[in-house]
Amino acid sequence: RIARELADIDALLTPQVQLAFELPAHLGEAGASGAKAAATAARRVVDQLFEQLPALRDRIFDDARAAWRNDPACRHPIEALYSYPGVFAITRHRIAHIFYQLDVPLLPRLIAEDAHRRTGIDINPGAQIGSEFFIDHGTGVVIGETAIVGNRVTLYQGVTLGAKSFPLDETGRPIKGIDRHPVVEDDVVVYAGATILGRITIGRGSTIGGNV
């Protein structure tokens with residue numbers, strides 16, 4: 001059964017990843033590869049995703065258990081897995097982040113934006129998020145591209161892990177790729193409406209009050 005399900009996923013997913021790798025050529029970008037190279041890259045990416053599925057499954061179950069452990073209203077981790085918007089969003093993020101790490105164009109952001117549209121939780125696929133992550137309620141949460149979130153972190157609705165103004169290059173455009181979002185260490189709780197901006201570190205075990 002698992003082999004059949006993986007084959008079905010492969011048949012749907014691989015063409016989409018290939019289209020993503022073909023996109024730079026359609027945009028006329030220098031160094032973009034053709035369809036054959038895109039097909040090879042897609043095969044490599046999907047194979048690597050499948051290799052990570054056991055670890056990904058464990059990580060997602062840990063997130064569901066974190067929701068159950070932290071929310072008195074949650075009666076079982078399965079309830080969180082199937083009905084909590086925070087678990088839905090982090091599940092999509094963990095898949096998108098794998099594609100982001102494998103340099104797949106566009107697709108990671110499309111996955112992230114689909115989760116954003118469905119849940120109101122906006123997590124850039126580049127954000128690094130540790131295990132047992134819990135977003136309670138979730139609407140309005142924003143986590144930027146270079147944010148680093150440790151293990152056993154809980155965020156409530158309306159929390160922003162954002163950036164300040166960006167340094168500009170000589171043409172006046174924002175410089176890409178610099179670390180500009182917060183680092184949140186292990187065992188941190190950030191309550192509703194808190195806004196944390198810039199490359200600052202929230203130390204292990206900290207609690208950030210609501211609307212701070």
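The model is predicted, with local features requiring pLDDT of at least 70 and side-chain atom pairs counting only at pLDDT 80 or more, while totals for chains, interfaces and linings use all residues. Residues are numbered from 1 along each chain as its sequence is written, and side-chain values use heavy atoms, with hydrogens and water left out.

View 1. Helices here are DSSP runs (H or I, at least four residues), numbered from the N terminus. Asp 103 has a phi near 60 degrees, a positive value in a residue other than glycine. Asp 103 is exposed, with a relative accessible area of 60% (exposed means over 50%, buried under 20% and partly exposed in between, with a 1.4 Å probe and protein chains only).

**View 2. Leu 106 in the loop between H4 and H5.** Although Leu 106 is not a glycine, its phi is positive, at about 60 degrees. Leu 106 counts as partly exposed, at 45% relative accessibility.

**View 3. The packing of H4 and H5.** The two helices pack at an angle of about 170 degrees, with their axes 8 Å apart, where axes are lines fitted to C-alpha atoms over the stretch in contact and angles run from 0 to 180 degrees between N-to-C directions. That angle makes H4 roughly antiparallel to H5, a term used for angles over 145 degrees. Contact means heavy atoms within 4.5 Å, and the residues making it include Phe 88, Ile 95 and Phe 99 of H4 and Leu 107, Ile 111 and Ala 115 of H5.

How values were computed:
Parallel < 35°, antiparallel > 145°, perpendicular 65-115°, else oblique.
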